[in-house]
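Hello,

Here is the structure I promised to pass on to you. Please open it first, and then read my notes alongside it.

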Amino acid sequence: MTRAIGIDVGGTKIAAGLVDTDTGVCDARFERVTRPERDASVVLEECVGMARRLAAGQSVPIGIGVCELVDREGHTQSAQTLDWRALDVAGAFARVGPAVVESDVRAAAVAEARFGGGRGVEELLFVTVGTGISCCLVLNGSAYAGARGNAICFGAPPVENAASGLALAAAGGREWAEDVLADPSLDRVVETAAAALGAGLAWLVNAFDPGTVVIGGGLGLVDRYRDLAVAAMRPMIFADNSRDLPVVPAQLGADAGVIGAALAAVPR
């Protein structure tokens with residue numbers, strides 16, 4: 001049994017867990033609110049503290065999935081939510097164990113490909129819909145990162161500008177996307193956002209012809225929102241024999257990012 005610590009740093013929360021990378025079982029897990037408005041070094045130190053608690057005095061490999069662009073060498077390259085560009089993120093964990101940094105969507109995509117909704121699929125498209133929206137193509141179990149590690153965004157302008165949790169909350173004039181979804185008077189706002197997501201999904205299917213699409217993330221796992229998006233997607237798929245491709249919810253749920261980050265720490 002190989003164990004590793006996975007830390008999933010999202011725009012809303014930080015989740016960390018101790019993962020059996022042979023089975024995908026997360027034996028211990030806890031969360032903190034991200035509060036990205038804090039100094040970036042403070043957020044990083046909190047992540048180190050979570051890893052230290054999980055390691056319990058042992059040297060354990062650590063994977064950190066970050067909701068930013070991450071290049072192929074494991075350096076953050078954007079600051080949309082959290083600016084770690086000038087920090088030695090992996091080095092901060094040196095006293096706990098060897099650490100690697102990965103894009104959160106690539107981490108979650110590999111976890112779903114190995115243990116979740118994408119098991120047995122050679123060409124898997126994973127899309128996470130939450131505070132933001134990003135995607136990853138997984139080919140034979142390996143995440144496609146692109147030449148520079150930037151192959152996680154889609155749409156120009158990005159689809160997340162119209163269909164993410166932040167966008168839905170802003171369009172509905174509410175603090176949280178959940179509040180918009182719960183208000184029947186805002187159904188049209190929800191439908192418009194879901195249609196934008198559906199158009200983005202169709203673009204990806206037309207471009208990559210995946211075998212299966214797995215949709216995760218807090219908003220992507222809301223059945224109503226996902227179903228509206230998929231219904232909007234299917235008529236916009238160009239090839240007749242692609243329109244009925246399987247689209248399934250992420251099976252690992254909120255654990256996908258934690259499990260995937262741990263897998264990044266001990267690659268096959």
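Before the strands come up, one definition: two strands pair if DSSP finds at least two bridges between them. Helices (H or I, at least four residues) and strands (E, at least two) are DSSP runs, numbered from the N terminus.

Please keep in mind that this is a predicted model, in which local features need pLDDT of at least 70, side-chain atom pairs count only at pLDDT 80 or more, and totals for chains, interfaces and linings use all residues. Residues are numbered from 1 along each chain as its sequence is written, and side-chain values use heavy atoms, with hydrogens and water left out.

Let me begin with β9 (212-216). V214 of this strand stands opposite V248 in β10, and β9 pairs with β10 (residues 247-249) in the parallel sense over 3 bridges. β9 also pairs with β6 (residues 123-129), again in the parallel sense, over 5 bridges. There, T128 is opposite G216 in β9. Is β9 buried or exposed? Buried means under 20% relative accessible area, exposed over 50%, and partly exposed in between (1.4 Å probe, protein chains only). Because 5 of the 5 residues of β9 are buried, the strand is largely enclosed by the rest of the structure. Both of its faces are covered, with T212, V214 and G216 buried on one side and V213 and I215 buried on the other.

Next, have a look at the open sheet of 5 strands, which has mixed pairing and the order β3-β2-β1-β4-β5. Its edge strands are β3 (25-33) and β5 (99-103), each pairing on one side only. From one strand to the next, the twist averages 20 degrees. Axes are lines fitted to C-alpha atoms, for helices over the stretch in contact, and angles run from 0 to 180 degrees between N-to-C directions. β4 (residues 62-66) and β5 pair in the parallel sense over 5 bridges, and V101 in β5 is the bridge partner of I64.

Which residues of α2 and α8 meet? From α2 come A107, A108, V110, A111, E112, R114 and F115, and from α8 come A256, G257, I259, G260, A261 and L263. The residues of this contact divide into 9 nonpolar, 2 polar and 2 charged. In that count, Ala, Val, Leu, Ile, Met, Phe, Trp, Tyr, Cys and Pro are nonpolar, Asp, Glu, Lys and Arg are charged, and the others, Gly among them, are polar. Contact itself means heavy atoms within 4.5 Å.

Leaving aside neighbours within four places in sequence, A51 is in contact with I5, I7, I62, F93 and V96.

On the cysteines: how many disulfides does the structure hold? It holds 0 disulfides, a disulfide being a pair of cysteine sulfur atoms within 2.5 Å. For C26, the nearest cysteine sulfur is that of C47, 15 Å away. For C67, the nearest is also that of C47, 10 Å away. C67 counts as buried, at 19% relative accessibility.

Finally, some backbone details in the loops. The peptide bond from A156 to P157 is cis, with omega near 5 degrees, and P157 sits in the loop between β8 (142-143) and α3 (160-163). N140 has a positive phi of about 50 degrees although it is not a glycine. Its place is in the loop between β7 (133-139) and β8, and N140 counts as exposed at 61% relative accessibility. D209, also not a glycine, has a positive phi near 50 degrees. D209 is in the loop between α6 (187-208) and β9, and is partly exposed, with a relative accessible area of 49%.

Enjoy exploring!

Best wishes
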